[in-house]
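Hi everyone, thanks for making time for me this morning. I'd like to walk you through some side chains, so please bring the picture up on your screens.

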Amino acid sequence: TYMYILLAACLIGLTWAGGDHYNLGEALHSGKNIIMLIIVFIGLFFITLLVPDENYVKQHVAWTLFVICLGLMTYLTYKMNMATKTMRRVLISLFGIIAAMTLIAYTQPLGTFDSWKVPMLGALCVLILVEVGDMIFYENRENFFNRWKMYGWVGIIIFSILVIIGTQHLMKEGPIIVDKCKLREQIECVGYPNRSMILLLNFVNLFNNASVTGW
């Protein structure tokens with residue numbers, strides 16, 4: 001699963017490089033294009049989840065397209081970091097957070113954070129609603145970036161905890177999958193693309209929020 005996440009990171013990096021080569025920044029600033037990209041992204045997310053593990057070729061194709069969409073959706077954040085020369089700091093912070101949360105997940109008893117999942121998802125929904133409301137209704141633009149930095153810090157806390165929960169979920173699934181797939185090829189049985197998606201999304205959201213805070 002972690003190798004799939006590393007592969008996804010490479011694909012996202014290649015997508016960013018392609019965006020620079022083909023100058024996609026202007027196209028991705030278009031509201032219409034962003035909406036279409038979001039619709040395709042959501043569609044590929046559910047297709048990847050719903051394709052049975054036995055149809056691993058289709059699953060991998062859908063997952064690859066999903067990751068490329070993810071790269072396109074984060075391209076403008078990447079460009080912002082490059083323009084402000086904060087990319088290195090953001091990536092170091094991101095890797096530090098992931099390493100710390102993974103260490104916590106592996107050193108604490110399994111199930112320790114299970115009861116945190118629903119409150120964290122509820123907090124995430126509230127954060128999204130507040131951000132949308134801010135964009136639509138809040139007229140005071142003078143401290144706009146300060147407010148979004150605050151939202152970014154809250155997002156870092158939420159997604160850091162979700163990384164712990166997601167990692168422990170994979171740890172609990174491991175023995176079950178090993179037993180289930182004893183006499184079968186792993187690629188036809190495990191469904192690595194599906195199992196990598198939630199952690200991957202948590203990592204990408206940590207990247208976005210760390211970029212907003214400039215941390």
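Let's look at Trp-116, which is partly exposed, with a relative accessible area of 38%. Keep in mind that this is a predicted model. What about Phe-113, buried or exposed? Phe-113 counts as buried, because its relative accessibility is 11% and the cut-off for buried is under 20%.

I'd like to stay with rings for a moment. In general, we describe a pair of aromatic rings by the distance of the centres and the angle of the planes. How many aromatic pairs are there here? The count comes to 10 aromatic pairs. Take Tyr-75 and Tyr-78: their centres are 5.8 Å apart, with 40 degrees between the planes, and the pair is tilted. Both tyrosines lie in helix H5, which covers residues 75-84. They sit three residues apart, about one turn of the helix. Tyr-75 is buried at 2% relative accessibility, and Tyr-78 is buried too, at 11%.

Now go back to Phe-113 and Trp-116. Their ring centres are 5.2 Å apart and their planes stand at 80 degrees, so this pair is edge-to-face; the cut-off for that label is over 60 degrees.

There is also a cluster to find on your screens. Which residues do ring pairs link into it? They are Trp-16, Tyr-75, Tyr-78 and Phe-207.

On to the cysteines. The count comes to one disulfide, and it joins Cys-181 to Cys-189, with 1.9 Å from S to S. The angle about the S-S bond is -80 degrees, and the link is left-handed. Cys-181 is buried, with a relative accessible area of 8%, and Cys-189 is buried at 2%.

Cys-69 itself is buried, at 7% relative accessible area. Cys-125, at 47% relative accessibility, counts as partly exposed.

One last stop: Leu-129, in helix H7, residues 117-137. Is Leu-129 buried or exposed? Leu-129 is exposed, because its relative accessible area is 64% and exposed means over 50%. If you'd like a distance to find on screen, the C-alpha atoms of Leu-129 and Lys-85 are separated by 30 Å. Those two residues are 44 residues apart along the chain.

Notes:
Residues are numbered from 1 along each chain as its sequence is written. This is a predicted model: local features need pLDDT of at least 70, side-chain atom pairs count only at pLDDT 80 or more; totals for chains, interfaces and linings use all residues. Side-chain values use heavy atoms; hydrogens and water are left out. Helices (H or I, at least four residues) and strands (E, at least two) are DSSP runs, numbered from the N terminus. Buried means under 20% relative accessible area, exposed over 50%, partly exposed in between (1.4 Å probe, protein chains only). A disulfide is a pair of cysteine sulfur atoms within 2.5 Å. Rings of Phe, Tyr and Trp (its six-membered ring) pair if their centres lie within 6.5 Å; planes under 30 degrees apart count as stacked, over 60 as edge-to-face and the rest as tilted.
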